[in-house]
Amino acid sequence: MQSHFLIMAFFSLLVGAFFATLTRDTLREGLKAGALLTVTMVGVSLLIAYVMYFLPLGG
Amino acid sequence: MVDSRKVAIACVLAWLLPGAGHFYLGKRVKGMLFLGIIVVTFFTGLGLQGRVYLASAGKPLSYLATFANVALGPLDLIGREATYSRILYVFPSESDRAMYQDILERTRARILAVTHEYGTTFVLTAGLMNILLILDAFDIGIGRKR
């Protein structure tokens, strides 16, 4: 697996699942929190990547 | 009344095997989920050519990274064996020429992989997750959290 996006999405999924399990007690709440965390992390990462696209590479 | 022996056992178990502290405290489903998540995170990291860190004199952050790795307990040993083919925690000094070169080569081989940074992030994150689990097991043990 060398796709930057897929690696980032998988990482977000694992971290989202971890914090959902840590902070929620029911399956329903856990799934909701995990999905929200995962989508937020992927979304914010894409947003940051989009903003960084306009920054000069340097060198 | 807090059973301090039970709390200590839960924390040690949590360090030895991710999720085991929760399992011991009766949160069996959570314990199994934590074990699965952390093991998958760790081995995905190694598979992506991530590495565990060695404490290196003059590089303070390497001590923090090594601490995050060691928080994984015995899993960290697998990471060290996979990365350096030996159990090593401190970067060898240049005076030990053969060892120094060998570790440098092994580190370089991983760093050159395209996915190295991702892999190392996965490995470090697995350790940081386990630190949170140990603290969570402590909180549950003393009754601060249900």
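Author: Buried means under 20% relative accessible area, exposed means over 50%, and partly exposed lies in between, with a 1.4 Å probe and protein chains only. Ser85(B) is partly exposed because its relative accessible area is 38%.

Reader: And the ground rules?

Author: This is a predicted model, in which local features need pLDDT of at least 70 and side-chain atom pairs count only at pLDDT 80 or more, while totals for chains, interfaces and linings use all residues. Residues are numbered from 1 along each chain as its sequence is written, chains are lettered from A and ligands numbered from 1 in the order in which they are written, and side-chain values use heavy atoms, with hydrogens and water left out.

Reader: Back to Ser85(B). Where is Ser85(B) found?

Author: In the loop between α5 (74–84) and α6 of chain B. Helices (H or I, at least four residues) and strands (E, at least two) are DSSP runs, numbered from the N terminus.

Reader: What is phi of Ser85(B)?

Author: Near 60 degrees, which is a positive value in a residue other than glycine. Gln49(B) also has a positive phi, near 65 degrees, and is not glycine. Gln49(B) sits in the loop between α3 and α4 (60–70) of chain B. At 29% relative accessibility, Gln49(B) counts as partly exposed.

Reader: How many helices and strands does chain B have?

Author: Seven helices and zero strands. The C-alpha atoms of chain B fill a box of roughly 55 × 30 × 20 Å along the principal axes. Of its 146 residues, 44% count as buried.

Reader: How is a pocket defined?

Author: On a 1 Å grid over the protein atoms alone, a pocket is an open set of points with protein on both sides within 12 Å along at least five of seven lines; a cavity is a set where a 1.4 Å probe fits but cannot get out, and lining residues have an atom within 4 Å of a point. Grid points are joined across faces, edges and corners, and a volume is the space filled by probe spheres set on the points.

Reader: Which helices supply at least two residues of the lining of the largest pocket?

Author: α1 (4–23) and α2 (27–52) of chain A, together with α3 (28–47) of chain B. α2(A) gives the most, with six residues. By type, the lining has eight nonpolar, six polar and four charged residues. Here Ala, Val, Leu, Ile, Met, Phe, Trp, Tyr, Cys and Pro count as nonpolar, Asp, Glu, Lys and Arg as charged, and the others, Gly among them, as polar.

Reader: And the second largest pocket, what volume?

Author: About 160 Å³. Its lining residues include Arg51(B), Lys59(B), Tyr84(B) and Phe91(B). The lining divides into five nonpolar, three polar and two charged residues.

Reader: Change of topic. How many salt bridges over all chains?

Author: Seven. A salt bridge is a side-chain nitrogen of Lys or Arg within 4 Å of a carboxyl oxygen of Asp or Glu. One of them joins the side chains of Asp25(A) and Lys30(B), at 3.2 Å from N to O. That pair crosses between chains, from the loop between α1 and α2 of chain A to helix α3 of chain B.

Reader: Is Lys30(B) buried or exposed?

Author: Buried, because its relative accessibility is 14%. Asp25(A), with a relative accessible area of 59%, is exposed.

Reader: What about Asp102(B) and Arg106(B)?

Author: Their side chains meet in a salt bridge at 3.1 Å, N to O. The two are four residues apart in helix α6 (residues 97–111) of chain B, so about one helical turn separates them. Asp102(B) is partly exposed at 22% relative accessibility, and Arg106(B) is partly exposed with a relative accessible area of 30%. Salt bridges with shared partners join Arg86(B), Asp102(B) and Arg106(B) into one network.

Reader: Last one. Which residues form the nonpolar patch on the surface?

Author: Leu47(A), Tyr50(A), Val51(A), Tyr53(A) and Phe54(A), with about 660 Å² of accessible area together. Patches are made of residues with over 30% relative accessible area and no salt bridge, with like charges joined within 9 Å and nonpolar side chains (Val, Leu, Ile, Met, Phe, Trp, Tyr) within 5 Å. Accessible areas come from the Shrake-Rupley method with a 1.4 Å probe, and for residues only the protein chains shown count as cover. Tyr53(A) lies in the segment after α2 of chain A and is exposed at 66% relative accessibility.
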